[in-house]
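Please look through the model below from the whole chain down to single residues.

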Amino acid sequence: MPVHRPGPIRPRRLFLVALLLTAFSLLHPAASAAEAPDTPDATATPARGSAHMGMGVVAHDGQGELPAGTRASQAEGVDVASYQGNVSWSTLWNSGVRWAYTKASEGTYYRNPSFSQQYTGSYDVGMLRGAYHFATPDTSSGATQADYFVDSGGGWYGDGRTLPGTLDIEWNPYGDACFGKSQSAMVTWIRDFLNQYKARTGRNAVIYTATNWWTQCTGNYGGFSASPLWIARYASTAGTLPAGWSSYTMWQYTSSGPTVGDHDRFNGALDRVQALAGG
């Protein structure tokens, strides 16, 4: 009895099989997606409250060489936020860091849950310490946010070791770089914050910003020189400063330092940091 052997699959049959597989993948997309690992979206908007000093500096200004010089002439500092959790302040102290700023608040909707450990921890190890507020001018007024900042730990105390609060005003990580404000409206917002902070504490708040942002979003306004300038620039020099300031008080020079990434230098030795704390 002859044995029947199957012949080669015909092209029509191959076409039908491919068509059925395609239809199945369209009806069951999860099955196809499960075969490939998830890829994070680098362009995704971060969660509200997660912003911190220098968040947009590398993306907008880049990152260059580290500065030269010694800590004897420029006292070393750090700035921290909740994403760094419990900071090893003793390690930082032993490495030569002598002053620190902790994020206290953002807008009127966020308080740093790690504030107590970070703010008190730096003080307990011997550092001079201060607090900063990440501004969101699109969510509430400058005066309202100044009040929220002070009420969230951003006040000032005449104990000789507490630095004046800092207004962190920079690129908006949640949307339009200038928070949807015109240059004149931004200047007004900043003025309202500074005026209210001084009314509450008796001190001029420090302004943390980057020259490119300041030029873009305030028109390089030069009328806030009463506030100490904290310039953000990750390079070997602080570069051109915003209008109104002939020198910086503090300089955030890198986001990739040891123990805590964000490192800063004071424009002077430790005695100048103590002078700022003393008012």
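What percentage of the 279 residues of the protein count as buried? The share is 45%, where buried means under 20% relative accessible area, exposed means over 50%, and partly exposed lies in between, with a 1.4 Å probe and protein chains only. This is a predicted model, in which local features need pLDDT of at least 70 and side-chain atom pairs count only at pLDDT 80 or more, while totals for chains, interfaces and linings use all residues. Residues are numbered from 1 along each chain as its sequence is written, and side-chain values use heavy atoms, with hydrogens and water left out.

The secondary structure comes to 9 helices and 9 strands, which are DSSP runs numbered from the N terminus (helices: H or I, at least four residues; strands: E, at least two).

The largest nonpolar core has 55 residues, of which W99, I169 and I190 touch the most other members; such a core is a set of buried Ala, Val, Leu, Ile, Met, Phe, Trp, Tyr and Cys residues joined through side-chain atoms within 4.5 Å. Helix α7 (residues 183-201) gives the largest share of this core, 7 residues. A second, separate core of 9 residues includes V80, L92, V97 and A100.

Most residues other than glycine have a negative phi. F179, in the loop between β5 (166-168) and α7, is not a glycine, yet its phi is positive, near 60°, and at 5% relative accessibility F179 counts as buried. N220, in the loop between α8 (211-218) and β7 (229-232), also is not a glycine and has a positive phi of about 60°, but N220 is partly exposed, with a relative accessible area of 29%.
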